[in-house]
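Subject: Handing over a structure, with notes

Dear colleague,

I am passing on a structure for you to look through, and my notes on how some of its parts are arranged come after it. Please keep it open beside this email while you read.

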Amino acid sequence: MCSPRGSLTEPSLLTEGLLHELVSSIQGQVYQKGDPNFVEYTTMFNGNVETIGQVVVCPLDAEDVSKIILFCRKHAFSPSVKAGGFGTAGWAVGGDIIIDLSKIADADIEPPNEESTFTSIRDMAPSNSKGKGKKPGVNAGKRRREDDDKLRTYQAASGTVAAFLRGPSRSDLPPPNLRRRLNESADGSHANTSDTSVQLVQNIPTPSPGSDVDAPNVARRSNVESTPDGNIGSSNAPFNADPFGYLEDHNHSSYSGRSNLQSTSRTLYDSWGSGSNSAGPSVAITTAPTVLHSIPSQTQAIHPHAYVTFGAGMRQKEIDTFTANNPLRARSISGGQDTVPYHVPFAAHPAGSSIMLLGGFGFLGRLYGLSIDNLVEVEMVLADGRILIVNENEHSDLWWALRGAGPAFGIATRYKAKAFPIPVVFAGNLIYRFHKATAASLIKHFRDCIKNAPRELYANVLLTAGPAGKDSLVVVQMCYVGSREKGQEYLAALASWDGEKCLLNEVNEKSFLHQQDSVAQVLRGKAGRQWFIRSALITSLPDDIIHQTVLKFDDTPIGCTWLFELAGGAISDFEDTCVPKSQRETLFTVAALHQWDMGINDPRCITTAEHWIADTLKPVQTGGPFPSFLGRHEAPSRTISSFGSNWDRLKEIKKIYDPTNVFRNTLWPLDSEGNIVEASTHEPPTPSAAGTSFEVLLKE
């Protein structure tokens, strides 16, 4: 492997005298290498990353961060910033001095003021202004890690999906002939399945985070049909039916691979643009989880948006939880006063606060834009130690650059962003078995159904392999920001595909807070595994690309997930950031999300993702991915292509605000002289326990 320092000069040694100088200059805690807290604070979600840092510093506010940066410049130390995310590249722990922002975790929500603007961060109390001073450092890192573990529990997204994914392995299933009988009616004939039948989970309670769902509840899945009058028919499956009983082999050898969209779905989605009601048959859906009992679904927000201020140590899930727990006043349609939760547009997968600087595409993106598009102000520490308030009126050049490439220009300590009223969403998953004879048909059906979809609709289709002993799956996810009645039209179109039985349909009304966990729940990511991410933006999804994707995915190892997310909508409305218009006008964001255990040496964990993105998708790609999807060991050319025609201007602004490249432990692919450097020079090394999978990148 390449040296982790590349052409950079060897780091200075943090002597006892220098350590004392650092400790005495700030109010936050300092943990030296060898301290158990150091290990806890520097352990990354990606097990493929090993820090070479000498010390972890936990500042309490921007003033602390400024002093740390000045210390680094004075003594030639390289800083890196850890902001509570799940980044796989490892930049957060790549410096000599690791700045952990977890103590800057204040949050506030406010409606627009009388001038329809907001209170500037400079006019708000500083972070940790109450009770400032040295905090006890005993087990602080362990508590932080335990908090991370709690946040990585995703059962609340859908108890039924959690139960489904914990189903029995294929080796536990009865023989195919018995499995078929489980799906037969009492008189021995197969249940008649209509084009619009969907998988329904009947009244399975949503478990609390961390709880287990017992086997009887898992077995309550049954194939339920909607009758001609729209009523839900009874299931023919027994109470204790095998939840994987739909995985029996059908005769797919003669399947044409043709989408049934022409005959079934066309009338359901042609009317989306006009807003007229679908003439198609009704679709059975599940009963909404009990958590919705306290959520107002018939409210009218008083304010079109609110403003949320949060410290850089806040993780995405913490911010979502904060705003959900602090709703703003609203009007009830039935009269009187009510409240409604507001949410900041974030990624559709777990992230730290830096997503506000790197892109951030999620369930609200098509309706309100990327995370960076909803940022209105940032408190930032520059390479020279200055603390600035940056917004559209102050330091406008930096404001343009930081929204998309912010970590390369400074350290954001507090953010202020727009949040929007989201009473409930109509959202969830349709899950099918992956079969290479039919998966292409399903993806084409998905593609055609979401054509001309309204901005209120987010949709993705993902292919996920394994885990061991389990079938690979195709999951269609939708999130309609609106009424259940309208959302059912889009569900009807998506669910009308009949190339395979739907194993599970749990689309229903739910809180947006729970929906935010849905991608992570299906991804089933675990901390400590090795992670490899590659992404692209594509302008179209033709049939040949779909067929090649299915064939290539069939050869991926356990733990691989490939994702197509519908883009467009409001994303293309914004032009005042360094993410170029060409990237914003693409049709899909695409990602390969691979995870595997430490010590497993399987080059396919790397090569299948690289070849799919670089070769299969090359004819339909434009530029590079959104910056938030840049992963470990990216070629510098891919990073540069993420900014397209804006790259030259970005370089000029970098010379103004960070001419000596203090913030080199970031995505920035240039040295202080403006020369291109390889990723290994600004990423930490790979531990020996990881194995040799990543070495394949050096040979290609």
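This is a predicted model: local features need pLDDT of at least 70, side-chain atom pairs count only at pLDDT 80 or more; totals for chains, interfaces and linings use all residues.

As background for the sheets, the strands of a sheet pair through backbone hydrogen bonds, and they do so either parallel or antiparallel.

Let us begin with an open sheet of 4 strands, in which the order is E1-E2-E4-E3 and the pairing is mixed. Its edge strands are E1, covering 29-32, and E3, covering 79-82, each of which pairs on one side only. If direction is ignored, neighbouring strands of this sheet are turned by 25 degrees against each other on average. Strand E2, made of residues 55-58, runs antiparallel to E1, and 4 bridges join the two; to find your way in, look for glutamine 29, which stands opposite cysteine 58 in E2.

Two helices belong in this picture as well. Helix H1, residues 16-25, lies across E1 and E2 and runs at about 155 degrees to E1. Helix H3, residues 62-75, packs on the sheet and touches E2, E3 and strand E4 (97-100), while its direction makes about 170 degrees with that of E4.

The other sheet is an open one of 3 strands, with the order E8-E10-E11 and antiparallel pairing. Here the edge strands are E8 (299-301) and E11 (337-340), and each of them pairs on one side only. Neighbouring strands of this sheet are turned by 50 degrees against each other on average, again with direction ignored. E8 is joined by 3 bridges to strand E10, residues 328-332, and the two run antiparallel; alanine 301 has alanine 330 in E10 as its bridge partner.

Finally, please turn to helix H14 (residues 439-449) and helix H18 (residues 543-553), whose axes come within 9 Å and cross at roughly 140 degrees. Angles over 145 degrees would count as roughly antiparallel and those from 65 to 115 as roughly perpendicular, so H14 and H18 are oblique to each other. Their crossing is right-handed. On the H14 side the contact is made by Ala439, Ala440, Ile443, Lys444 and Arg447, and on the H18 side by Asp543, Ile546, His547 and Val550. The residues of this contact divide into 5 nonpolar, 1 polar and 3 charged.

A colleague

Technical notes. Residues are numbered from 1 along each chain as its sequence is written. Side-chain values use heavy atoms; hydrogens and water are left out. Two strands pair if DSSP finds at least two bridges between them. Axes are lines fitted to C-alpha atoms, for helices over the stretch in contact, and angles run from 0 to 180 degrees between N-to-C directions. Contact means heavy atoms within 4.5 Å. Angles under 35 degrees count as roughly parallel, over 145 as roughly antiparallel, 65 to 115 as roughly perpendicular and the rest as oblique. A crossing is left-handed if the near helix is turned anticlockwise from the far one by less than a right angle, and right-handed if clockwise. Ala, Val, Leu, Ile, Met, Phe, Trp, Tyr, Cys and Pro count as nonpolar, Asp, Glu, Lys and Arg as charged, and the others, Gly among them, as polar.
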